[in-house]
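Here's a quick briefing to read with the structure open beside you. Take a look, then work through the points below.

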2 protein chains.
Amino acid sequence: MRAAVVVTGTEVLEGRVRDENGAMIGAHLAAAGVSLTRTIVVGDGLDDIRDAVRLAFSGGVDLVVVTGGLGPTHDDRTMEAVARASGRSLVEDPAALALVQAALERVPVRGPHAARERGARKQAQVPEGAVVLPPAGTAPGAVVEAGGTVVVVLPGPPWECRAAWEDARQVPVVARVLDAAGGGAPRELRMAGVVESEFMQVLDESDPEGRGLVVGVCARPGELEVTLRPPGPEADAFTALLEARFPGAIFSRDGAGVEEVVGRLLAERGEALATAESCTGGMIGARLTGVAGASAWYLGGVVSYSDDAKHAVLAVPRSMLDEHGAVSGPVARQMARGARAALGADWSVAVTGIAGPGGATAQKPVGLVYVCVAGPGHEEVRELRLHGDRERIRTRAATIALHLLRQALAG
Amino acid sequence: MRAAVVVTGTEVLEGRVRDENGAMIGAHLAAAGVSLTRTIVVGDGLDDIRDAVRLAFSGGVDLVVVTGGLGPTHDDRTMEAVARASGRSLVEDPAALALVQAALERVPVRGPHAARERGARKQAQVPEGAVVLPPAGTAPGAVVEAGGTVVVVLPGPPWECRAAWEDARQVPVVARVLDAAGGGAPRELRMAGVVESEFMQVLDESDPEGRGLVVGVCARPGELEVTLRPPGPEADAFTALLEARFPGAIFSRDGAGVEEVVGRLLAERGEALATAESCTGGMIGARLTGVAGASAWYLGGVVSYSDDAKHAVLAVPRSMLDEHGAVSGPVARQMARGARAALGADWSVAVTGIAGPGGATAQKPVGLVYVCVAGPGHEEVRELRLHGDRERIRTRAATIALHLLRQALAG
């Protein structure tokens with residue numbers, strides 16, 4: 001089974017809004033074993049969308065998923081474009097209109113009545129014969145068949161898109177494609193502390209591709225993500241080989257991120273965590289609390305961006321800040337101790353560093369970061385020298401800190 | 001001038017890694033006035049990339065930018081695909097090899113020597129006649145012409161891609177395309193507190209498109225982003241109309257996000273900010289510290305995810321937590337007061353809420369959020385009822401809190 005995705009929206013194309021829907025659909029299709037040929041991002045123009053939908057059809061795909069451009073305004077033209085590309089007329093669907101009107105009652109929306117009514121009628125237009133998907137927000141989605149290809153149309157706001165996709169999967173013609181794909185999702189391994197060239201060496205020596213295993217490798221900040229297709233005996237054998245060569249490096253076999261793994265380890269131990277962040281400014285806390293149920297093992301943290309905050313909330317002595325500077329091993333250690341004490345936590349992780357572009361000195365360059373992990377009978381400070389721009393240094397520091405914590409928790 | 005972008009990487013296509021490069025290139029092209037026709041995301045397969053590059057060429061574009069797949073491993077095949085699509089042979093470039101070898105000396109890379117050397121030779125292969133771009137990491141990029149179209153090839157890791165794109169812009173054939181586009185970047189307005197249907201009403205009444213102004217509108221969580229093309233007298237007139245209809249709603253005219261606007265307002269006042277976050281878990285701190293130079297106006301904050309943290313660090317009385325619950329107006333107010341006091345800040349913003357999926361009660365549903373903004377002579381608590389899933393509720397709560405702070409700072 002082959003599929004293509006079309007993401008519409010000039011704001012996505014021009015980089016003002018990050019695509020979430022294409023990524024979400026891509027992940028779901030991959031998990032179902034559907035081969036995704038390409039994702040095409042296009043602007044809001046009617047012709048652009050129609051051309052992209054036609055381009056998506058090309059090469060013979062079983063499923064096309066189109067997202068975005070279902071709003072009430074004049075530049076929301078996806079339904080019209082899909083109707084044209086699939087050779088159907090655009091009609092006002094009474095059931096869709098009732099759904100939109102009910103949604104407008106449910107979700108408090110301001111605005112003049114006439115404009116809302118006109119918007120509702122526009123949002124109720126779908127290609128003739130389409131299955132209408134109930135709106136999570138105000139825009140219904142649709143499923144329509146065109147010459148052997150199933151076309152799914154979903155709204156653009158990411159949470160509405162996620163909800164509508166869940167509904168779309170239940171529509172028989174869509175379910176048939178997903179079922180026929182047979183769930184050949186790849187084995188997904190995540191590894192930490194292994195660089196690409198080391199991995200490549202193992203690949204060269206063992207030649208798993210010669211035995212029919214397709215190995216994909218992607219370097220992420222501080223991590224390697226490895227996909228093995230198909231899952232099965234060859235994937236098992238290669239996984240075992242990686243374990244032997246890089247003991248402890250595989251930290252996830254089910255797609256879970258390091259935040260989730262940290263949470264599981266803490267929950268198993270019945271212990272709780274606090275954070276102390278300077279250059280990462282809350283990124284670690286935000287990532288940890290992105291995991292539903294984090295309150296079972298995360299107490300909270302301190303963003304000690306200024307020296308005053310480090311002193312007042314985390315009890316870092318002024319003399320230590322004066323002598324060693326805020327970006328130093330001793331301060332990272334005291335931040336971790338201070339966070340444990342202030343929040344009554346079993347474990348803590350602290351980060352202080354220079355993310356740039358300003359703030360560097362001759363002794364302390366941009367990219368110098370100290371991480372401390374502290375817990376029962378455990379205290380460890382690590383100096384990092386990171387490369388890249390502000391965003392990369394911050395993201396990478398947060399990821400490495402989470403991995404040091406994970407390793408400490410795993411014993 | 002017209003352009004297309006190709007983003008390569010199975011990990012991007014299948015949603016395991018978020019695309020950053022396509023968004024970055026799209027934003028730069030839009031700012032230069034280049035019309036971006038589409039961005040195509042494809043997997044790592046040689047044929048997929050070659051087909052996508054050919055597809056990108058179709059319709060007659062002046063510039064094609066291809067990112068990713070320049071690493072040392074076997075599945076990094078972009079240069080080969082670009083060479084094939086542009087009818088050139090792939091050759092080992094001595095200058096590129098020297099650059100890669102120098103980069104390997106500079107950046108500490110582990111791994112066996114033979115694998116590194118083979119990786120270096122692979123990364124030094126470019127289409128014959130290409131201009132080689134020096135690597136920020138270890139992979140050189142390239143610029144090559146193919147039948148009137150300029151093809152720019154950039155590495156995949158986002159910070160390397162950003163650096164290589166800056167170099168590529170200086171290459172004469174690329175500079176010529178960007179210059180010829182004439183910088184027709186759109187006027188970009190950001191508005192808060194206006195819903196799409198209200199905006200649509202103004203659009204219908206004033207019909208700026210009838211006078212040659214192309215208006216794009218994109219709803220983001222808590223914000224509307226409006227683009228006006230071309231910038232000029234009609235854009236000015238429409239901007240003035242929006243100001244009259246929605247006083248104070250336009251908070252940015254230069255693409256700056258609300259975090260940057262908050263920072264500018266604080267810097268102008270010479271005052272400093274602290275944060276207190278519960279359900280947002282550090283997202284507000286992370287967003288504020290994403291602004292370079294944030295230390296001039298942001299002291300830090302407390303992620304008070306647990307009741308204990310609210311009590312211990314922010315001095316929220318136990319009796320108040322017992323009586324009102326952690327998600328309540330009084331607790332939000334005390335969190336804001338506690339953050340001001342603990343960090344010695346002039347201003348503070350506090351957020352407490354139920355992001356779900358767990359944690360709701362009959363009285364307190366998922367999506368109930370309290371925000372408090374406190375400052376000199378100012379204290380304001382707002383109750384929000386947000387819709388959507390965990391991620392949307394958190395993101396939206398953070399955005400709304402930043403806007404309430406901005407409004408308070410703007411007076």
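In chain A, strand β9 (residues 187-192) and strand β11 (residues 223-229) run antiparallel and are joined by 6 bridges. Helices (H or I, at least four residues) and strands (E, at least two) are DSSP runs, numbered from the N terminus, and two strands pair if DSSP finds at least two bridges between them. This is a predicted model, in which local features need pLDDT of at least 70, side-chain atom pairs count only at pLDDT 80 or more, and totals for chains, interfaces and linings use all residues. Residues are numbered from 1 along each chain as its sequence is written, while chains are lettered from A and ligands numbered from 1 in the order in which they are written.

**Strands around β9 of chain A**
- To find the pairing with β11(A), look for A:Met191, whose bridge partner there is A:Leu224.
- β9(A) is also joined by 2 bridges to strand β12 (residues 250-252) of chain A, again running antiparallel.
- On that side, A:Arg190 has A:Ser252 in β12(A) as its bridge partner.

**Where the chains meet**
- Strand β2 (residues 35-42) of chain A and strand β2 (residues 35-42) of chain B run antiparallel, with 5 bridges joining them.
- Within this pair, A:Thr39 has B:Val41 of β2(B) as its bridge partner.
- Overall, 91 residues of chain B are in contact with 90 residues of chain A (contact: C-beta atoms, placed from the backbone, lie within 7 Å).
- Helix α9 (residues 196-206) of chain B gives the largest share of chain B's side, with 7 residues.

**Cis peptide bonds**
- A:Gly356 and A:Pro357 are joined by a cis peptide bond with omega about 0°, and A:Pro357 sits in the loop between β15 (347-353) and β16 (368-375) of chain A.
- Over in chain B, the bond from B:Arg229 to B:Pro230 is cis too, with omega near -15°; B:Pro230 is in the loop between β11 (223-229) and α10 (233-245) of chain B.

**Positive phi without glycine**
- B:Asp207 isn't a glycine, yet its phi is positive, about 45°; look for B:Asp207 in the loop between α9 and β10 (214-220) of chain B.
- B:Asp207 counts as exposed because it has 9 C-beta neighbours inside 10 Å (buried: 20 or more other C-beta atoms within 10 Å; exposed: 12 or fewer; partly exposed: in between; C-beta atoms are placed from the backbone).
- B:Ala315 has a positive phi near 60° and lies in the loop between α13 (307-314) and α14 (318-324) of chain B.
- With 14 other C-beta atoms within 10 Å, B:Ala315 is partly exposed.

Terms used:
Contact = placed C-beta atoms within 7 Å.
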